[in-house]
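Reader: Hi! I am new to protein structures. Could you help me read a few features?

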Amino acid sequence: MNKPQITIKDIARALGVSPSTVSRALKNNPDISQETRDAVHKYAREHNYKPNVLAVNLRASRSNTIGVIVPQLVHHFFSCVLSGIEEAAARHGYNILVAQSNELYERETKIVHSFLAARVCGVIASLAKDTSQYDHYQELLNNNIPVVFYDRICTGINTERVVVDDYAGSFAAVEYMIQTGCKRIFFYGAAPHLEITKNRRNGYLDAMKRYRIPVDESMILLCDTREEAIALTPALLEGEDRPDGFFAINDETASGILYACKLVGLKIPEEVSICGFTDGAIAQSTDPKLTTVEQRGEEVGKCAIQILIEKIEKENIQQKGANKIVKTNLVVRGTTK
């Protein structure tokens, strides 16, 4: 009787590597060491390995559906990004499949696996707040499905990313607050491992440093929702050394700061200046209206899908990852002087 055909899993088991490593080695992927590639090819030859033609054909078949992962659609920025994606996708003849991670890592991984099962031709994603492992995105790339990150990006995966200029936007906002009289500005940020938090925090710190305004750790707080800001801010306003300015990582948080300041009877902007980041509907519905950094979500979405479609149609999956940076703009309104 003929011996059964060996599979990629059999080779992986024999050599003590993962099936994805074997698959990439058989394709001579440069990310796999030459030593490993040689070992895989040698074992495959010696054991008469033949690829599963049906499986290869299934992998090669390409839909015209792009998967999009959104942390939460209720946020103005993400809905604007999706609008930009939808417009460009329709123009190029692609459909989109949208899923919300609801800021949960486990839900995000399930979404990625459902996209794999649906054989989408590409994925555009923004990370959930608690995502700090990225194997599920690497699995997409291992299956020749290109990925483009936007806003909350992953720097540990070799793929393209679209971001707004968080650093420059933050620097400009804090500099303006300093130039209009603020001397003790607090920063409300999101999860510290997120790139947007790092960049906006660095913009804040560098602006304060340029104007020789001291910053201690008590002035940098983890707070990125309206509810948290309302709960946290009143206690900070009780002491003599209270903040005279707040720079918040998003408009929702800034609106909570504004509400808390008004609760304790402080005048805005005479006694406290407040600046947010996004420039969505919230910024124009508060009283007074929020000074904020315009994030240009639609432009982010259009850039992300244009990059992805180019990768899909040119099949340039191994191209080195790069950043596309969308410029921001400070919009001055009633919460600053």
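Author: Gladly! Keep in mind that this is a predicted model. Let us begin at the end of a helix: just after α5, glycine 93 takes a positive phi of about 80 degrees.

Reader: How far apart are the end C-alpha atoms of helix α5, and what span should its residues give?

Author: Helix α5 covers residues 76–91, and at 1.5 Å a residue its 16 residues should span 22 Å. The end C-alpha atoms of α5 are 23 Å apart, which agrees.

Reader: Which way do the residues of a helix point?

Author: An α-helix has 3.6 residues a turn, so residues three or four places apart point the same way. In α5, the buried residues include Phe77, Val81, Gly84, Ile85 and Ala88.

Reader: What do the buried residues of α5 pack against?

Author: Their partners are the strands β1 (65–70), β2 (95–100), β3 (122–125), β4 (147–150) and β9 (273–278), along with helix α13 (297–314).

Reader: Is leucine 263 buried or exposed?

Author: Leucine 263 is exposed, because its relative accessible area is 55% and the cut-off is over 50%. Leucine 263 belongs to helix α11 (residues 251–263). With Tyr259 and Val264, Leu263 forms a nonpolar surface patch of about 290 Å² of accessible area together.

Technical notes
Residues are numbered from 1 along each chain as its sequence is written. This is a predicted model: local features need pLDDT of at least 70, side-chain atom pairs count only at pLDDT 80 or more; totals for chains, interfaces and linings use all residues. Side-chain values use heavy atoms; hydrogens and water are left out. Helices (H or I, at least four residues) and strands (E, at least two) are DSSP runs, numbered from the N terminus. The expected span of a helix is 1.5 Å times one less than its number of residues. Buried means under 20% relative accessible area, exposed over 50%, partly exposed in between (1.4 Å probe, protein chains only). Contact means heavy atoms within 4.5 Å. Patches are made of residues with over 30% relative accessible area and no salt bridge: like charges are joined within 9 Å, nonpolar side chains (Val, Leu, Ile, Met, Phe, Trp, Tyr) within 5 Å. Accessible areas come from the Shrake-Rupley method with a 1.4 Å probe; for residues, only the protein chains shown count as cover. A salt bridge is a side-chain nitrogen of Lys or Arg within 4 Å of a carboxyl oxygen of Asp or Glu.
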